[in-house]
Amino acid sequence: MQIAVLTFDGFNELDSFVAAAILNRMKAQGWAAHITCPTEQVTSMNGVTIQRQKPLAFAAEADAVLIGSGIRTREIAADAELLGQIRLDPARQLIGAQCSGTLLLAKLGLVGDLPACTDLTTKPWVIEAGVRVIDAPFVAHGNVATAGGCLASQYLAAWMVARGASLADAEAAIHYVAPVGEKAPYVERALAVVAPFVGAAPEAVAA
């Protein structure tokens with residue numbers, strides 16, 4: 001599974017890096033999550049400059065795509081030329097969006113009138129784009145998922161692992177990154193959130 005983590009200038013580090021790190025727990029199974037950007041370098045909302053791993057065109061060929069958020073998302077959403085470079089196919093790809101990334105998903109026509117999740121700051125803009133926003137951390141409709149709140153990135157990653165591999169693999173990935181002494185409740189919560197959108201009940205978790 002090759003995954004494009006779309007990351008733009010002004011990006012939120014938690015969205016891109018947390019999701020990518022969890023997804024890359026699947027490296028042994030041939031998975032790879034790549035920070036994917038429209039330019040060679042992008043700078044985060046807190047001034048961290050990084051080098052991209054893949055160009056934006058990679059999103060079209062990836063097996064899955066995650067769209068992160070950032071402080072410049074409204075500018076990106078209004079940039080028709082840039083949006084035109086993002087070619088996604090929900091019939092073939094697993095697609096997820098985090099916080100203001102949901103606004104980009106809406107502008108790309110991949111949300112429609114389905115309920116979606118986003119962060120509280122972006123909520124008015126997503127509603128303005130014609131999307132019904134729900135008060136939930138995560139929701140998925142077929143191959144398209146949205147999440148709201150920076151730390152909801154773990155839900156997007158867990159859903160993608162569960163859909164692309166299995167709930168057991170999602171459990172293992174979340175278990176690894178969860179705080180020591182709190183692993184069981186972290187895993188239980190994550191699986192309880194994503195399992196209804198995977199088609200199975202949450203599995204038993206290790207302590």
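Val 126 lies in helix H6, residues 123-128; helices here are DSSP runs of H or I with at least four residues, numbered from the N terminus. Because its relative accessibility is 0%, Val 126 counts as buried, a class defined as under 20% relative accessible area with a 1.4 Å probe and protein chains only. Leaving out residues up to four places away in sequence, Val 126 touches Thr 102, Leu 103, Thr 118, Val 131 and Val 133, where contact means heavy atoms within 4.5 Å. Val 177 is 51 residues from Val 126 along the chain, and their C-alpha atoms are separated by 31 Å.

This is a predicted model, in which local features need pLDDT of at least 70, side-chain atom pairs count only at pLDDT 80 or more, and totals for chains, interfaces and linings use all residues. Residues are numbered from 1 along each chain as its sequence is written, and side-chain values use heavy atoms, without hydrogens and water.

The next topic is a helix pair. Helix H1 (residues 13-23) packs with helix H7 (residues 153-164) at an angle of about 35 degrees, the axes being 9 Å apart. Axes are lines fitted to C-alpha atoms over the stretch in contact, and angles run from 0 to 180 degrees between N-to-C directions. On the H1 side the contact is made by Leu 14, Asp 15, Val 18, Ala 19, Ile 22 and Leu 23, and on the H7 side by Ser 153, Gln 154, Ala 157, Met 160 and Val 161.

The mean pLDDT of the protein chain is 93, and 96% of its residues reach 70 or more; pLDDT is the predictor's confidence in each residue, from 0 to 100. Over residues 200-207 the pLDDT is below 50, and this stretch has 22 contacts in the model beyond near neighbours in sequence.

Conventions
Helix = DSSP H or I, 4+ residues; strand = E, 2+ residues; numbered from the N terminus. Buried < 20%, exposed > 50% of the residue type's maximum accessible area, 1.4 Å probe, protein only.
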